[in-house]
Amino acid sequence: MKAKKTLAGLALVGAIALTASGCAGGGTPAGGGGDDVITVGFAQTGSESGWRSANTESMKEAFSEANGFNLIFNAADNKPEAQIAAVRSFINQGVDAIVLAPIVTDGWDDVLQEAKDAGIPVILEDRTVSASEDLYASWIGLDFEKEGETAGEWVAENFGSTPTNLVILEGTTGSSAATDRATGFATAIEGTDITVLDSQTGNFTRAEGKTVMEGFLQKYGSQINLLFAHNDDMGLGALDAIKAAGLTPGTDIKIVTIDAVKDGMTALADGEFNYIVECNPLLGEKVAEVVKKVVDGESVDKQYIVEDQAFDQEQAKAALPDRKY
Ligand code: GYE
């Protein structure tokens, strides 16, 4: 039922897009009905984490040929210059719309202006940019500051009234996800007995999470009571470092992370993590809906925020069997 409805809606959007722009690119018509295809260039950050894999999958599923799209996918290996080059190449190819998951917040003004001058709408997904709002049509994402705040509130409630030493593994420097999570978290632990011993980037990856945690352990040893990692993957990397140091994660060092991907939720259910704030990566369907509307000339909101929840050990155990990512 649902698929049928979507296809019918698409046929309509496709027809309008054809008359409006007449330049949908070289994709194959969807469903053999002669509908025009919407060509979309998607500039993904890279493949740094489990969250990212789930996000990429969700986007590819939503922007499928069957749904009336011709998707040109690029993953920039977390290199901002490579991502700007990818967007520029989408402009040169004359795509109908560009979807961008910006690695970092700054540096987008020029290329977004170029897209605008070429009449190609840009839709942001996941992270945000500092460029002027009229350089993009819409943003579909999460409230990163609130995620950080929720993590901080849990920490403040459980450890705030006894002297506690905390270390932080930050996400990619300059990304809105890392900046806003840091802000939300710092606000929530303000005025508590928690001391931040150290805070460094682990670039949202397991490998760097492990290396940076090894450094923290060498420097502070068993002084560390608590770890806040900006994503599950860095927390998972840190588990190896903590075990190698002869400490028990979840007990000797309490761990709070963000994302709630399956591996993180498993660590929480096993008692190696203590709390996870969710960050929903399944944005594809909503992004595709917004892209269609924009290409069709319909009005859209400037932002769509997807709701997140949070999990303790019991909640993780209950949620795991049905977890989609
Ligand atoms: O939390 C992390 C990923 O921007 C929300 O990026 C995203 C973050 C996510 O690498 O795992």
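Trainee: Leaving aside its neighbours within four places in sequence, which residues is Thr 257 in contact with?

Mentor: Contact means heavy atoms within 4.5 Å. By that rule, Thr 257 touches Ala 229, Asn 231, Asp 232, Gly 235, Phe 273, Tyr 275, Ile 276 and Val 277. Before going on, note that this is a predicted model, where local features need pLDDT of at least 70, side-chain atom pairs count only at pLDDT 80 or more, and totals for chains, interfaces and linings use all residues. Residues are numbered from 1 along each chain as its sequence is written, and side-chain values use heavy atoms, with hydrogens and water left out.

Trainee: Why does Thr 257 count as buried?

Mentor: Buried means under 20% relative accessible area, exposed over 50%, and partly exposed in between (1.4 Å probe, protein chains only). Thr 257 has 0% relative accessibility, so it counts as buried. In the protein, buried residues make up 50% of the 325 residues.

Trainee: In which strand is Thr 257 found?

Mentor: Helices (H or I, at least four residues) and strands (E, at least two) are DSSP runs, numbered from the N terminus. Thr 257 lies in strand S9, residues 254-259. The protein has 11 helices and 12 strands.

Trainee: In what order do the 6 strands of the open sheet run?

Mentor: Strands of a sheet pair through backbone hydrogen bonds, either parallel or antiparallel. Two strands count as paired if DSSP finds at least two bridges between them. Here the order is S2-S1-S3-S4-S5-S11, with parallel pairing. Strand S2 (69-75) and strand S11 (303-306) are the edge strands, each pairing on one side only.

Trainee: Over how many bridges do S5 and S11 pair?

Mentor: Strand S5 (residues 138-142) pairs with S11 over 4 bridges, in the parallel sense.

Trainee: How far does helix H6 reach from its first C-alpha to its last?

Mentor: The expected span of a helix is 1.5 Å times one less than its number of residues. H6 (residues 176-189) has 14 residues and reaches 20 Å, close to the 20 Å expected. Just after H6, Gly 191 takes a positive phi of about 80°.

Trainee: What do the buried residues of H6 pack against?

Mentor: Those residues are Ser 176, Ala 177, Ala 178, Arg 181, Gly 184, Phe 185, Ala 188 and Ile 189. They pack against helix H5 (144-159), strand S6 (164-170), strand S7 (194-201), strand S8 (226-229) and S9. S9 is the strand that holds Thr 257.
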